[in-house]
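Hi everyone, thanks for coming. Have a look at the sequence and the structure on the screen, and then I'll walk you through a few places in it.

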Amino acid sequence: MAIRRFTPHPLVLRRLTVVRVVDITPRMRRVTLGGAQVGGFERDGLRHPPFASPMFDDHVKLLFSTDGPVEAVLPKQLAHGIEWPIAAAREGRDYTPRRVGDGEIDLDFVVHSGPVEAGPAEAWAGAAKPGDVLWTVGPKSSTVLPDDIDRLILIGDETALPAIGRCFEERPVSAPVHAIITVADESARQELALRPEDRITWVVAEPGDARALARAVAESGAMDSATHPYVWAAAESQALLPLRRALTREHGIPRSHLDITGYWHARVPARDPSDPKAAPSEKQVAGAAAPADSPVAWFAVRAALQLHLFEALEPRPLPASSLATRIGLKRAELDPLVAVLADRAYLVVEGQRLRISGRGMQLLSDDHAREAFDGFEASQILALQNLPEALRDGGTAWERTNGASVIAQAATDAELHDELLERAEGLAYLMPALLAARPWGEKAAVAVRGPGAAVVGDALRKGGEGSACRVVEQGADTEVHAHALAHLTDAEARAYLSGEIPVASMLLIESTRADALDPRTSEHELLRLATTGAPTRSAERLIELAAECGWTAAGTTELGWGVSCLAFTAGPGASSARIPRGS
Ligand SMILES: Cc1cc2nc3c(=O)[nH]c(=O)nc-3n(C[C@H](O)[C@H](O)[C@H](O)COP(=O)(O)OP(=O)(O)OC[C@H]3O[C@@H](n4cnc5c(N)ncnc54)[C@H](O)[C@@H]3O)c2cc1C
């Protein structure tokens with residue numbers, strides 16, 4: 001189930017030009033963008049809507065190239081979405097549209113580079129002058145706030161200032177707003193559009209100072225006396241961890257009323273790889289993308305999560321003997337586990353005590369970080385042990401490990417079932433593309449099936465008249481199957497497509513290309529092979545499978561992000577179950 005609601009937007013790649021550049025404070029540079037593509041425009045025969053950013057915390061992705069012209073690394077604009085081919089030199093950075101109007105878009109750039117080198121966004125803004133070109137994509141979606149908010153609490157560092165400033169001006173809710181903002185220097189403070197009932201707390205602190213942020217919130221009194229606060233926070237990702245813990249555990253803010261986003265990642269210079277003794281610092285390891293860098297470390301983290309070791313250390317550091325007692329282990333059993341966790345910077349040894357590190361905290365506070373050790377993905381990784389046998393002798397590594405296929409197991413395992421549904425929720429971002437393409441034709445009665453049924457059904461219902469279809473349970477003209485084949489083996493996919501699909505027209509929404517934006521694409525493809533016996537099925541492969549089951553391909557709509565909507569009609573050899581009712 002989606003915890004927070006959002007409205008997806010059609011994704012458009014725009015070429016904008018700099019109109020003017022103004023330093024609004026010594027630490028914030030405003031670049032105003034304009035050009036024909038701020039409005040509705042046509043390119044390569046495709047018509048695109050005007051730039052729109054309805055919500056204060058929307059963001060656009062700015063595109064840069066580290067090697068050669070940016071035009072060589074741009075994503076591909078589809079009729080109804082964006083495709084991201086692999087481009088090693090492409091760098092994307094997210095920024096908040098601070099103001100949209102009069103054919104212009106303001107972006108405010110924090111001037112942050114100190115001892116570290118400026119990144120591509122700051123460097124670009126630093127040199128920007130009228131006439132310069134900037135390519136952007138988005139916004140891809142806007143948050144929908146709950147309607148029971150009696151106080152809006154905004155917490156952030158300077159990167160959050162554009163969104164916070166916009167929120168004061170645009171007032172997405174009528175409730176009073178309390179903002180707590182850390183700035184590196186008094187000179188970074190800005191005049192914001194406060195009303196008498198609003199409050200603002202400015203705190204001077206180093207960028208990325210977690211303690212300062214959490215302390216500022218605790219001392220501000222913002223959380224007192226609000227019955228239904230909505231808390232929005234954006235700052236350095238690690239700095240938000242103690243705040244997240246305080247908000248969820250001490251203040252009991254439900255996930256529907258909490259929006260915490262890491263806006264940037266603190267980095268320190270890479271250590272010398274030729275020095276084998278150089279231990280990684282906590283921050284270096286914390287920024288690593290891979291879940292663990294050796295199978296032993298992966299198993300150690302998995303064990304620690306399952307033994308609730310991190311939770312035991314979360315309130316305060318403990319001596320190893322106390323930790324062992326807390327989690328029901330003998331000291332001799334705990335020590336080797338702790339040693340690996342400390343080596344990999346999930347724990348820090350401080351004299352006699354063990355402390356959870358930022359990396360360990362991330363596992364506690366971030367569901368996605370934990371998934372790689374303790375959910376569907378962890379089960380996929382465990383299945384790899386049987387990959388050689390599966391490749392040699394048939395079947396899938398998953399079946400050999402678990403005794404049943406993913407989908408058979410999900411029928412009796414509620415957690416797995418829910419996780420497969422959750423994985424389909426990302427389809428929500430592609431719904432504007434689907435609604436615009438209307439692959440079901442006009443005035444169709446559409447039934448929606450598969451793990452993505454809730455997301456697609458919801459979008460079609462909300463699309464109303466514009467979707468040109470009615471969502472029905474029975475008596476459909478067309479069935480949309482959303483991610484229905486994603487976790488099936490080929491044999492299961494054939495059985496599914498040959499089974500009861502009592503319509504003459506079917507749409508399959510499936511990933512047909514590996515996700516090029518996923519930093520672990522190759523690993524995820526191997527995990528798919530272990531799970532279903534096949535890497536991501538291409539559109540051609542899906543058409544082939546469907547043809548074996550009596551379906552004739554009738555066109556493909558690319559929805560973006562490697563996802564296709566393939567249309568089929570029941571072919572002459574189709575089973576009688578597929579003849580539409582009433583004919
Ligand atoms: C949804 C969203 C909206 C955002 N909106 C804005 C916005 O409106 N204005 C804005 O200025 N930023 C905003 N940010 C943050 C911005 O995207 C990051 O700061 C980004 O890393 C800057 O890119 P860069 O190329 O300058 O630096 P990078 O190449 O990303 O980083 C270079 C170095 O600078 C450090 N660094 C990066 N950002 C900061 C910082 N703010 N302070 C100190 N050190 C830093 C990094 O740790 C690294 O060492 C937003 C981020 C998100 C996710």
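**Around the ligand**

Domain 1 (5-142) and domain 2 (145-264) each give at least three residues to the shell around the ligand; the domain bounds come from an automatic or database domain assignment. Before going on, please note that this is a predicted model, where local features need pLDDT of at least 70, side-chain atom pairs count only at pLDDT 80 or more, and totals for chains, interfaces and linings use all residues. Residues are numbered from 1 along each chain as its sequence is written, and side-chain values use heavy atoms, with hydrogens and water left out.

How many residues surround the ligand? There are 22, and the closest are Asp94, Asp108, Val110, Ala121 and His265; to be near, a residue needs a heavy atom within 4 Å of the molecule. By class, nine are nonpolar, seven polar and six charged. Here Ala, Val, Leu, Ile, Met, Phe, Trp, Tyr, Cys and Pro count as nonpolar, Asp, Glu, Lys and Arg as charged, and the others, Gly among them, as polar.

Now for some atom pairs. A backbone N or O atom of Asp94 sits 2.8 Å from an oxygen atom of the ligand. A ligand nitrogen atom is 3.0 Å from an N or O atom in the side chain of Thr96, and a nitrogen atom of the ligand is 2.8 Å from a polar backbone atom of Asp108. Taken alone, the ligand exposes 920 Å², and the protein buries 91% of that (Shrake-Rupley method, 1.4 Å probe).

**Over to Arg537**

Is Arg537 buried or exposed? Arg537 counts as buried because its relative accessibility is 5%, and buried means under 20% relative accessible area (1.4 Å probe, protein chains only). A polar atom of its side chain lies 2.6 Å from the backbone oxygen of Leu488. Leaving aside neighbours within four places in sequence, Arg537 is in contact (heavy atoms within 4.5 Å) with residues including Leu485, Asp490, Ser511 and Leu545.

The centres of domain 1 and domain 4 (415-578) are 32 Å apart, taken over C-alpha atoms. Even so, 16 residues of domain 1 are in contact with 15 residues of domain 4.

Most residues other than glycine have a negative phi, and most peptide bonds are trans. With that in mind, look at Gly138 and Pro139, which are joined by a cis peptide bond with omega about 0°. Arg438, not a glycine, has a positive phi of about 45°, and Trp561, also not a glycine, has a positive phi of about 55°.

Notes
Polar contact = N/O pair within 3.5 Å; in protein donor to acceptor, adjacent residues only side chain to side chain. Buried < 20%, exposed > 50% of the residue type's maximum accessible area, 1.4 Å probe, protein only.
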